[in-house]
Each structure stands twice: as C-alpha cells, then as structure tokens.
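Hello,

Below is the structure I said I would pass on. My notes on it follow, starting with the ligand.

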Amino acid sequence: MLTSLSEEAVRPAREDDRKRIAELAYLETHVHNHPGWLSPLDSVGKRGFAVLEENGRIKAALALVPENRHTAWVRLFAVAASLSPQKAWEELWPAAVEQVKEKGVRWIAAMPFENWFNEMISTRGFSPYQQVEMLVWKPQPLPEARKAKGYKMRNITTEDLEAITKIDALAFGEFWHTKKEILAEALKHSVWARVVEDPATKQLLGFQISTPSPLGGHLARIAVHPKAQRRGLGYWLVHDVLTFFSHQNAERVTLNTQGNNAVALGLYKRLGFQPTEEQFQVLVHSLDGSTPPSGDNM
Ligand SMILES: CC(C)(COP(=O)(O)OP(=O)(O)OC[C@H]1O[C@@H](n2cnc3c(N)ncnc32)[C@H](O)[C@@H]1OP(=O)(O)O)[C@@H](O)C(=O)NCCC(=O)NCCS
C-alpha cells in the first residue's frame, strides 16, 4: 500500500526507519508519545504504524498499537515542524486504520497529554470515554493483614501467563483486556508480581503485577477471577504489595484506575491510597459504529 503524491508518500514504517522515527519523536514539538509496556518503536514493522515521507525524509509518524483483539491505542504521533499536525493526521490516519482494521480492531483509544493533540482528535471522531485517575500511597502504618483462608499466595512465573491472561479477560471489560504478550512484558519489568491460587486445585484466582517507579513502585495490574471476588483476595494482594514496598522504604506507591471503578477505589482508599491531581481522559474513535461498554473497568 503506497499512496503516492508528488514527492510525498504514506507507507508502513520499516525497520530501517527506526532511527529517523526516534529522532522525530525526541526532537519535534508536536509529539504525542504514550508508551505502554513496550516503546512505540517496538511496533515499527507491525501493522498500524505508518509514516509520511517527503523527499526521502520522514516528516510524520503514527502508531496505532493493538492492546487486545478489539482495542488499539495511539502510542505515537510525531510531526516535523515543517508540517501541520492536522495535515499529517489526515494523511496517516486512513493508512494506519486500514491496517489495524484488517486485524479486527474496532476501537482506537487515545489518552491526550497535551491540548493541541486533544483538540485535534476531538474534532476527528474521538469522543470522551473514561476518566483515568492516579492514586498515591505514602508511607503509613498498614491496616491489619487479612489473609484469605484456604488460599496460597506466591510469585508469578512465566508459566502462569496463560492463566493470568484468562483472569484478566474475565475480570476486565473488553475494552481493557490485555493480551498475553503485553502481560509478559509487564512481568519482565516487574519487581513484585504475585498470584493467589487454590492449593487443592492449583487454579489461579487472582494476580497483581507491580513495577518500580522513580520514588518507589507502581501497582500496574490487578485482577481477581469474577467467581472468586469478594472473598478478600483483592485486599490481600494490595496489602501484600504495600508490605513489599514498605520494606523497600518506598516513598510512594502509585496506581491508575478509572474514576467510576467504585469497587477498586473503595479497596485502595481503605488501604491508604489518596487521590492525586493527575487525571487523564481516554478518548475513543469507533471504527464500526459500536461503542465499548460504558461500565468497562480497566
Ligand atoms: C477490584 C478487585 C481486584 C477487588 O478484588 P476482590 O477480591 O473482589 O476484593 P475483596 O474481596 O478483597 O474486597 C475488597 C473490598 O471491596 C468490596 N467489594 C468487592 N467487590 C465488591 C462489589 N462487587 N460490590 C461492592 N463491594 C465490593 C468488598 O466488600 C471489600 O470491602 P471491605 O474491605 O469493606 O470488606 C476485583 O473486583 C476485580 O478484579 N475487578 C476487575 C478488575 C479491576 O477493576 N481491577 C482494578 C483496576 S485498577
């Protein structure tokens, strides 16, 4: 697929573009860079990553990276100063979308950090979907540990990946499912990652993955199998994370959750997490007219 204008072409990003895309992302002003577990550059060469080339120079890049079967995120949009972001978007969007649509993606999500990007996509079919809030825990005495009787907690191993991916898919709404490869990447970056299992059946019932952060740690993912919820496993997992980071003398532990995830918010607040000023809007562009369920939790 090559849309040819005079000396300008939109084409899929190739391996040998990596350095030039990195330069664009680091040096230019109009850059929306939203890394997930992987850097956007890890998606060079995959479907959904398009570049705009002009006279042999890469002038803009757009990476739509699937996080699960139906949802892809705008992980990178970078534009050279000589080009307007709007023009670059008009050129790159159809090419990148065409590629992810072929893979079954229905929703493109974005979390704008800057006004110019928010304003641009808001007039291009993206609508507010959910608010994501950051919570912080600072050193304080922990409430009582409540070990859930009859269950065992242990470290996650790579052999658990299949099972935790299933729990993730059952516990989270479809929009927020995380595919196995991405959970594997999260696990690689983790400092404390635990599962709860039923020792009699060896069935895994819940997990959490926490990563290091500059001042301590970040609780990146937690889920309990729906049939095992409300038995104290979530509380036990979060308490265990905070115990770990307390022993590490962490100055803070952060996490992100949606503003309307009342169960998770209640659990975190009970364990001493406080809201912060950090709030981000998730916007969604539907490719097939469907909207992700509004009750979906992340
Ligand atoms: C959030 C989650 C991990 C909690 O796990 P859990 O094992 O059910 O939690 P617990 O049994 O320890 O319950 C914790 C508290 O929440 C309350 N709670 C749990 N589920 C509830 C529900 N559906 N409705 C009302 N209260 C609920 C419990 O009563 C308990 O309150 P208490 O401390 O006053 O007794 C689980 O609901 C889940 O996996 N949700 C989907 C994924 C998700 O939202 N993850 C967090 C995203 S940041």
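The ligand has 21 residues around it, of which Val 224, Gln 229, Gly 234, Tyr 235 and Thr 257 come nearest; a residue counts here if its C-beta atom, placed from the backbone, lies within 6 Å of the molecule. Two or more residues of this shell come from each of β12 (216–224), α6 (233–247) and α7 (262–270). Helices (H or I, at least four residues) and strands (E, at least two) are DSSP runs, numbered from the N terminus. The most is given by α7, with 5 residues. By class, the shell holds 11 nonpolar, 7 polar and 3 charged residues. Nonpolar means Ala, Val, Leu, Ile, Met, Phe, Trp, Tyr, Cys and Pro, charged means Asp, Glu, Lys and Arg, and the others, Gly among them, are polar.

Please note that this is a predicted model, in which local features need pLDDT of at least 70 and side-chain atom pairs count only at pLDDT 80 or more, while totals for chains, interfaces and linings use all residues. Residues are numbered from 1 along each chain as its sequence is written.

On the domains: the chain is assigned domain 1 (3–125) and domain 2 (133–280), with bounds from an automatic or database domain assignment. Their centres, taken over C-alpha atoms, are 32 Å apart. Contact between them involves 9 residues of domain 1 and 10 residues of domain 2, where contact means C-beta atoms, placed from the backbone, within 7 Å. On the domain 1 side, the touching residues are 4 nonpolar, 4 polar and 1 charged.

On the cores: the largest nonpolar core has 45 residues, and Ala 50, Ala 60, Ala 61, Leu 62, Leu 64, Leu 92 and Ala 96 touch the most other members. Such a core is a set of buried Ala, Val, Leu, Ile, Met, Phe, Trp, Tyr and Cys residues joined through C-beta atoms within 7 Å. A residue is buried with 20 or more other C-beta atoms within 10 Å of its own, exposed with 12 or fewer, and partly exposed in between, with C-beta atoms placed from the backbone. Beyond four places in sequence, the contacts of Ala 61 are Ala 13, Ile 21, Leu 24, Val 51, Leu 76 and Ala 78. A second, separate core of 36 residues includes Trp 37, Trp 236, Leu 237 and Leu 242.

Lastly, Asp 198 is in the loop between β10 (192–197) and β11 (204–213). Asp 198 counts as partly exposed because it has 14 C-beta neighbours inside 10 Å. Beyond four places in sequence, Asp 198 is in contact with Tyr 151, Gln 203 and Leu 205.

Regards

How values were computed: Two residues are in contact if their C-beta atoms, placed from the backbone, lie within 7 Å.
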